[in-house]
Amino acid sequence: MYRKNENLIAVYPGSFDPPTKGHIDIINRASKIFPNVVVAITYNYSKNHMFSLEERLSMMKEAVFKIKNVKVEAFSGLLVDYLNSINSFCIIRGLRALSDFEYEFQLALMNRKLKKDVETIFLMPDKEYTFLSSSMVRELTFLGGNFKKFVPNNVYKKINKIEKKRRKNV
Ligand code: ADP
């Protein structure tokens, strides 16, 4: 396969429920290494999401629109099928701590079993974000804690708007 070309696409998959500054840190790093980066947002059936796919998509799109070589898309089904559909063999994942390692290791090897030429590339965020997760932000949102410093500004505003609407409807 012809790999070293300007058409190379690296895919950063995840649920991004919601996008955090940790995710954006990884996207920034990836955008400096790879000519094209696709942030692929999945509806993960084994997880209960706080935000709909549309909400996660629009939050992420707004957060990265300034980075010219980054696109945000949604996908369902197997990641390797999605990679094939856009002619990519390269997966980006973020690695925060040792606790991420076992799951990520399993996932990387499983994807390699499913698609022989796939490569998973791990990037580490700034140490400021190594403790940060979407689930922490969800918990803070749910309990009314301040999560402003953990998410991009547009995400902060959007979550507040969504929550306000939800409370009105309860
Ligand atoms: P998934 O549901 O696939 O785990 P997430 O949205 O939780 O999706 O995470 C997507 C990717 O981003 C994963 O590789 C995860 O390890 C990584 N990630 C999540 N939070 C951070 C963070 N604070 N810093 C760096 N990487 C992160």
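Biologist: How do α2 and α6 run, roughly parallel or roughly antiparallel to each other?

Modeller: Some ground rules before that. This is a predicted model, where local features need pLDDT of at least 70 and side-chain atom pairs count only at pLDDT 80 or more, while totals for chains, interfaces and linings use all residues. Residues are numbered from 1 along each chain as its sequence is written, and side-chain values use heavy atoms, with hydrogens and water left out. Helices (DSSP H or I, at least four residues) and strands (E, at least two) are DSSP runs numbered from the N terminus.

Now, two packed helices are described by the angle between their axes and the distance between the axes. Axes are lines fitted to C-alpha atoms (for helices, over the stretch in contact), and angles run from 0 to 180 degrees between N-to-C directions. Helix α2 (residues 53-64) and helix α6 (residues 153-169) have axes that come within 9 Å and cross at roughly 155°. So α2 and α6 are roughly antiparallel to each other. The cut-offs are under 35 degrees for roughly parallel, over 145 for roughly antiparallel, 65 to 115 for roughly perpendicular, and oblique for the rest.

Biologist: Which residues of α2 meet α6?

Modeller: Contact means heavy atoms within 4.5 Å. On the α2 side look for Glu55, Ser58, Met59, Glu62 and Ala63; they meet Asn154, Val155, Lys158, Ile159, Ile162 and Arg166 of α6. The crossing of these two helices is right-handed. A crossing gets that label if the near helix is turned clockwise from the far one by less than a right angle, and left-handed if anticlockwise.

Biologist: At what angle do α1 and α2 pack?

Modeller: At about 50°, with the axes of α1 and α2 11 Å apart. That makes α1 oblique to α2. His23, Ile24 and Ile27 of α1 touch Met60, Ala63 and Val64 of α2. This crossing, α1 over α2, is right-handed.

Biologist: What does Pro152 touch?

Modeller: Start with its place: Pro152 is in the loop between α5 (134-143) and α6. Leaving out residues up to four places away in sequence, Pro152 touches Pro19, Thr20, Lys21, Ile24 and Ala63. Pro152 is buried, with a relative accessible area of 12%. Buried means under 20% relative accessible area, exposed over 50%, and partly exposed in between (1.4 Å probe, protein chains only). Compare Lys61, found in helix α2: at 43% relative accessibility, Lys61 counts as partly exposed.

Biologist: On to the sheet. In what order do the strands stand?

Modeller: Strands of a sheet pair through backbone hydrogen bonds, either parallel or antiparallel. Two strands count as paired if DSSP finds at least two bridges between them. Here 5 strands form an open sheet in the order β3-β2-β1-β4-β5, with parallel pairing. The edges are β3 (70-75) and β5 (119-123), each with a single partner strand, so one side of each has no neighbour in the sheet. On average, neighbouring strands are turned by 30° against each other, direction ignored.

Biologist: How many bridges join β1 to β2?

Modeller: There are 6 bridges between β1 and β2 (residues 36-42). Among the partners, Ile9 goes with Asn36 and Ala10 with Val37. Strand β1 also pairs with β4 (residues 90-94), over 2 bridges, and Val11 stands opposite Ile91 there. Further along, β2 and β3 are joined by 6 bridges, one of the pairs being Thr42 and Phe75.

Biologist: Where do the side chains of β1 point?

Modeller: In a regular strand the side chains alternate between the two faces of the sheet. In β1, Ile9, Val11 and Pro13 point one way, Ala10, Tyr12 and Gly14 the other, and all are buried. In β2, 6 of the 7 residues are buried.
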